[in-house]
Amino acid sequence: MASPAIAVGLNVGTQPPLALHNWSIRLARALRLHSVWTVDHFLGFFPQSIWDRDFSWIARPGTTPDRYYDYQVLLGHMARRAGRVRVAVGVTEPIRRHPILIAQAFLTLSHLTRRAPILGIGSGERENVEPYGLDFSTPVGRLEEALQIISTAFEARGPFSFSGRHFRLDRALLDLEPGRGRRPEIWVAAHGPRMLGLTGRFGDGWYPTLPMSPQQYGERLGAVQAAARQAGRDPAAITASLQLFLVVAPTSEAARAMLDRRAIKFMALLAPDELWQAGGLTHPLGKGFGGMVDFVPQSYDRATMDAAIAQVPFELLAEQMIWGTPQQVLSQVRALGEAGLQHVVLTPASALVSPRAAAYTLRSTLTIARRLQSGT
């Protein structure tokens, strides 16, 4: 029996070379994927202190994990080549970029694309903020104000004002209309109760990036929908999505072995301490550590990172990743679909392990994408 179709996006990042992004767009069009996703980073999550061939085959001498294009410029480049594939960022935040700048960029993108671009937005991460002298206090409060401003800017014609703690607008103007009426969509990266509430009030989509079980996914989606109803919005109009990191191999034994590789184990350190505590553990980087939100990679030396990676247990990592054979991965994603998932964004993590694993992961990811979209 056919399963419900799930729309598929592909996370292509924003790192050089540009040829990779041109190829990714052509591939996405050929496979009729729904979306391609960039990220908004100054630097990556992999610390330079551990960036070597023992960590990943892509960490070649002379390379760095911290080369990133500006995502707005890159999306403009990709937009003309995208066809019916939607271009997106997953995600930006209103600390480095003013809400009006974000709104203007996505209204501009709507004139360059055939389908509405997706503005993925969250409250931010310390690594892109504090090293550059910016304030990371009250990020959720800043986001709440930004969502109000961006939503207004997408709709308003003529001057509008806003008075908040973080932003003040006095008869501001942004009269650029969406291209062909294709209003950009706002997808909020939300996990906690307050953020889920903001998604229901302002979001066109929900874009979580942390792992969760189908039951957890359904419960949090329910919180988003309840907030939408309370705000007088149609909860069914909010797209339920999820970014998933995949570890895929020809056999479950091979996939399990990949979970012991340093680059894969490292990803568990980007999960917040609350997920570790759920397994009866304390995060190696400290009690209450916020995971990717608090992680500033250049703050950790080799010895600290080696010790933290060594403390990642298989059981915890196995619960945080989608892993196994292509069929096993399909089954796990479909279980999330039964909990309400409509649009999955795939990030093929096992490509970090070796050139052979990268080739197999790419082929398998494309097969998984086709089957999810067709419901077969």
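How many of the ten residues of helix 5 (residues 193–202) are buried? Some notes on that and on the rest of the fold follow.

Before the details: this is a predicted model, in which local features need pLDDT of at least 70 and side-chain atom pairs count only at pLDDT 80 or more, while totals for chains, interfaces and linings use all residues. Numbering starts from 1 along each chain as its sequence is written, and side-chain values use heavy atoms, with hydrogens and water left out.

1. **Helix 5.** Seven of the ten residues in helix 5 are buried, so to speak for the opening question, and the helix is mostly covered. Buried here means under 20% relative accessible area, with exposed over 50% and partly exposed in between (1.4 Å probe, protein chains only). Helices (H or I, at least four residues) and strands (E, at least two) are DSSP runs, numbered from the N terminus. The buried set is Met195, Leu196, Gly197, Leu198, Thr199, Gly200 and Phe202. These residues pack against helix 4, strand 7 (185–188), strand 8 and helix 6 (214–230), where a contact means heavy atoms within 4.5 Å.

2. **Two cores.** A nonpolar core is a set of buried Ala, Val, Leu, Ile, Met, Phe, Trp, Tyr and Cys residues joined through side-chain atoms within 4.5 Å. The largest one has 74 residues, and Phe106, Leu119, Ile121, Tyr217 and Val344 have the most contacts inside it. Helix 4 (residues 139–155) gives this core its largest share, eight residues. There is also a second, separate core of 39 residues, with Ile264, Met292, Phe295 and Leu316 among them.

3. **Tyr217 up close.** Leaving aside residues up to four places away in sequence, Tyr217 touches Trp206, Pro208, Met212, Ala240, Ser241, Leu242, Leu336, Ala339, Gly340 and Leu341.

4. **Strand 9 and its partners.** Strand 9 (residues 239–248) has eight of its ten residues buried, so the rest of the structure largely encloses it. Two strands pair if DSSP finds at least two bridges between them. Strand 8 (residues 205–206) runs parallel to strand 9 over two bridges, with glycine 205 partnered by threonine 239. Strand 11 (residues 343–348) is also parallel to strand 9, joined by six bridges, and here glutamine 243 stands opposite valine 345. Strand 10 (residues 322–324) pairs with strand 9 in parallel through three bridges; valine 247 faces tryptophan 323 there.

5. Strand 1 (residues 7–11) pairs with strand 2 in the parallel sense over three bridges, and leucine 10 has valine 36 as its bridge partner. Right-handed is the call if, with the strands pointing away from the viewer, the path from the first strand over the helix to the second runs clockwise. On to strand 3 (residues 86–92): four bridges join it to strand 2, again parallel, and threonine 38 is partnered by valine 89. The chain gets from strand 2 to strand 3 through helix 2 (residues 71–79), and this crossover is right-handed.

6. **Two loop residues.** Threonine 113 sits in the loop between helix 3 (99–112) and strand 4 (118–121), and it counts as buried at 5% relative accessibility. A polar atom of its side chain lies 2.8 Å from the backbone oxygen of arginine 115. Not counting residues up to four places away in sequence, threonine 113 touches Ala79, Val87 and Arg182. Proline 17, in the loop between strand 1 and helix 1, is partly exposed, with a relative accessible area of 48%.

7. **Aromatics.** Rings of Phe, Tyr and Trp (its six-membered ring) pair if their centres lie within 6.5 Å; planes under 30 degrees apart count as stacked, over 60 as edge-to-face and the rest as tilted. That rule gives 13 aromatic pairs. Phenylalanine 46 and tryptophan 51 are stacked, because their ring centres are 5.9 Å apart and their planes at 20°. Phenylalanine 295 and tyrosine 300 also stack, with centres 5.1 Å apart and planes at 5°; both residues are buried. One aromatic cluster is formed by Phe46, Trp51, Phe55, Phe266, Phe295 and Tyr300.

Conventions
A polar contact is a pair of N or O atoms within 3.5 Å; within protein, one must be able to donate a hydrogen and the other to accept it, and residues adjacent in sequence count only if both atoms are side-chain atoms.
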